[in-house]
Structure formats: C-alpha cells, structure tokens
Amino acid sequence: MACNFKNICKFVDESINIYISVMKRIHFIVALMLAVLWSMSGSAATQQQMRFHCEKDTNEINALLQKGLESGKTDPNALVSFYAHELLGRPYVAHTLEAADGVERLVINIDEMDCTTFVETLYALTRTTMNGRYSWRDYASNLENLRYRRGVLDGYASRLHYISDWAVDNISRGNIEEVSGDLPGSKPEVKTINFMTLHRDLYPQLKDSATYARLRNYEIGYRNHKFEYVRKNLVGTKDVRNALLEGDIVGLVTKVEGLDVSHMGIIVKDAKGVCYLLDASASAGKVQVEPLDLAKYLEKVKTCVGLRVFRILKQ
C-alpha cells in the first residue's frame with residue numbers, strides 16, 4: 001500500500017512538472033505571437049485606438065506610398081512636394097481629429113484634411129517612403145510619432161496642439177529642423193502661448209478638469225516663449241525667395257493673443273522661382289496652390305506677421 005502511494009505521488013509530481021513545462025511553452029508562444037502582432041501594427045497605438053475615415057483609407061495610403069517609392073525621390077523636400085501634388089483637390093474639412101465621445105484616437109483620414117492634418121499627412125507619407133516602407137501601418141506609426149508628445153498617444157492633452165510645442169518636441173527627437181532663424185530678414189518674437197486655456201469654452205475636451213489642468217501645465221512651459229520668424233514684408237525679396245526651398249513646411253505667425261501660428265502649408269515654386277503656398281484652404285474648401293504668390297497672399301492675411309519654416313530631417 002505504501003509503495004502504491006509513493007508511486008502515485010511520483011506520478012502526480014511528474015504530471016505537475018510536465019504541466020508546468022507545457023504551460024511555460026504556451027506562455028512563451030503566446031508572448032511571441034503578441035510581440036509579432038504588435039510589431040506588425042507599425043504603431044504604438046492599437047487598432048482600437050485608431051479611427052479611420054473609411055475602409056479604403058488603408059489601400060489608398062498603400063497606393064500613395066507605392067507611388068512615392070516608384071518616383072525614385074529620396075530628398076525629404078522633394079517627397080513633400082510630390083505628395084502634396086498627389087493630394088491636390090482633396091476637400092478641406094475641419095475638426096477631423098475630434099470625436100463625439102471625447103476619446104482621443106489616432107485618426108487616419110487621407111480624404112479630408114485641414115491645414116495641420118495636411119502637413120501631418122505629408123510628413124507621415126514622406127517619412128515612411130524615406131524608410132523604404134510602403135504599408136499603412138508604418139504610415140500610422142510615423143503619424144503618431146509626429147502628432148503626439150514624445151510620439152505616443154496618451155489622451156487629448158498629449159496631442160501637440162501648438163506649433164511651438166510641436167516644433168520643440170519633434171526637433172528634440174530628430175524628426176524636423178527649424179530654419180527660420182537662418183533665413184534673411186528673420187527676427188525673434190517673444191510670446192506667451194496659452195490660447196486654448198484662455199478660450200476653454202471653444203474646446204469641448206477641456207470641460208474635463210484633469211485634461212484642462214494637464215494642458216495648462218504644458219502651456220506653462222511656453223510663457224514668454226522665444227522663436228524666430230521671417231517678416232512677411234521681406235518674403236517677396238530675392239534673398240528670402242532663394243533661401244526658401246520647394247517642399248519647405250511653413251507656419252503663418254499670427255498677432256492673435258496666446259497663439260503662435262494660425263495656418264500651415266508648404267512652399268512650391270514656379271518656373272521663375274517665385275514662391276507660392278500649397279495648402280488645405282478653408283476658403284477654397286480644398287487642397288490647392290494659392291492663386292496669389294506667397295508675398296501677395298501674406299499681404300492679404302492681416303493677422304499674419306511672418307513665416308516660420310521647417311524641414312524634415314533625414315534619419
């Protein structure tokens with residue numbers, strides 16, 4: 001009887017050891033599968049944290065990226081200009097990043113854009129092509145990397161709402177460079193940037209006290225913030241015109257209290273080297289090349305005092 005009991009105990013011990021060994025293998029396989037799926041997603045944001053405009057967006061992004069790779073262009077500015085021309089005629093739609101439920105998601109919308117999401121789209125397409133990739137997952141990863149603080153979606157306040165904040169964060173991570181101060185006719189500006197919390201009623205997400213406090217805390221870093229810009233009355237001069245490059249990303253510096261930049265677009269040039277703004281235009285309702293040359297266009301924008309100029313860095 002004692003012998004049988006010992007045999008039973010030995011059998012149970014061996015069975016438990018086998019079970020533990022099998023479970024360890026299963027856990028390893030599951031962890032490996034999750035890691036593969038995570039890497040395939042191409043973005044820190046999960047599928048549940050993404051919001052697509054329509055089902056065809058992924059196919060359209062893939063097709064655009066394939067065109068970019070086939071173009072043979074490798075220079076960032078050349079790719080920015082290439083993709084901007086591919087997006088001509090797309091409708092201007094504001095507030096595409098905002099959700100009715102107030103939940104911040106990585107919005108992927110290749111069909112509708114405002115001036116900022118237009119520039120973000122150009123960046124993500126360009127960066128993905130520069131990396132030799134052609135998948136919407138890589139595009140999504142690059143979009144998140146540009147749009148959010150430290151490249152990670154973490155709620156509404158993690159979105160880089162102000163161009164000064166966007167510039168500081170992305171320059172520090174090697175995504176872009178600002179060349180405003182290197183251009184002829186540049187001058188420094190010191191300004192406190194806090195428009196959103198000054199006008200809390202305009203932003204439904206700021207009704208949440210925690211989100212409001214978090215954003216206000218970020219704004220504290222931009223009290224008396226100094227940045228360089230090119231004065232708009234010099235934009236038409238030969239020196240500035242020659243210094244600006246096709247595919248440069250530009251922001252229109254504004255007089256509006258608490259705000260740094262009110263509009264964005266890119267530089268394109270005609271055969272004579274005259275600069276124009278290619279942007280997602282609210283007045284025209286679409287992505288277009290503005291009919292007036294850049295200097296004349298800026299003259300008509302009474303609240304604009306000049307330009308900030310950015311370029312995508314090779315990594």
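Modeller: Helix α4 (residues 115-130) and helix α5 (residues 136-147) pack with their axes 8 Å apart, at an angle of about 130°. That makes α4 oblique to α5. This is a predicted model, in which local features need pLDDT of at least 70 and side-chain atom pairs count only at pLDDT 80 or more, while totals for chains, interfaces and linings use all residues. Residues are numbered from 1 along each chain as its sequence is written, and side-chain values use heavy atoms, with hydrogens and water left out.

Colleague: What do "helix", "axis" and "oblique" stand for here?

Modeller: Helices (H or I, at least four residues) and strands (E, at least two) are DSSP runs, numbered from the N terminus. Axes are lines fitted to C-alpha atoms, for helices over the stretch in contact, and angles run from 0 to 180 degrees between N-to-C directions. Under 35 degrees is roughly parallel, over 145 roughly antiparallel, 65 to 115 roughly perpendicular, and the rest oblique.

Colleague: Which residues in α4 and α5 meet?

Modeller: Contact means heavy atoms within 4.5 Å. From α4 come Thr117, Glu120, Thr121, Tyr123, Ala124, Leu125, Arg127 and Thr128, and they meet Asp138, Tyr139, Asn142, Leu143, Asn145, Leu146 and Arg147 in α5. By class, the contact of α4 with α5 has 6 nonpolar, 5 polar and 4 charged residues. Ala, Val, Leu, Ile, Met, Phe, Trp, Tyr, Cys and Pro count as nonpolar, Asp, Glu, Lys and Arg as charged, and the others, Gly among them, as polar.

Colleague: At what angle do α3 and α4 pack?

Modeller: Helix α3 (residues 76-86) packs with α4 at about 125°, and their axes are 9 Å apart. That makes α3 oblique to α4. Pro76, Leu79, Val80, Tyr83 and Ala84 of α3 make the contact with Phe118, Leu122, Leu125, Thr126, Thr129 and Met130 of α4. Those residues divide into 9 nonpolar, 2 polar and no charged.

Colleague: Now, how do I read burial? Is aspartate 169 buried or exposed?

Modeller: Buried means under 20% relative accessible area, exposed over 50%, and partly exposed in between (1.4 Å probe, protein chains only). Aspartate 169 counts as buried because its relative accessibility is 8%. Aspartate 169 lies in helix α6 (residues 163-172). In α6, 7 of the 10 residues are buried, so this helix is largely enclosed by the rest of the structure. What covers those buried residues includes α5, β3 (176-178), β5 (225-231), β7 (261-269) and β10 (304-312).

Colleague: What does the side chain of aspartate 169 reach?

Modeller: It comes to 3.2 Å from the backbone nitrogen of arginine 150. The side chain of aspartate 169 also makes a polar contact, at 2.6 Å, with the side chain of arginine 173. A polar contact is a pair of N or O atoms within 3.5 Å; within protein, one must be able to donate a hydrogen and the other to accept it, and residues adjacent in sequence count only if both atoms are side-chain atoms.

Colleague: And where is glycine 221?

Modeller: Glycine 221 sits in the loop between α8 (209-220) and β5. Its relative accessible area is 56%, so glycine 221 is exposed.

Colleague: Lastly, how many helices and strands does the protein have?

Modeller: The protein has 10 helices and 10 strands. Buried residues make up 45% of its 315 residues.
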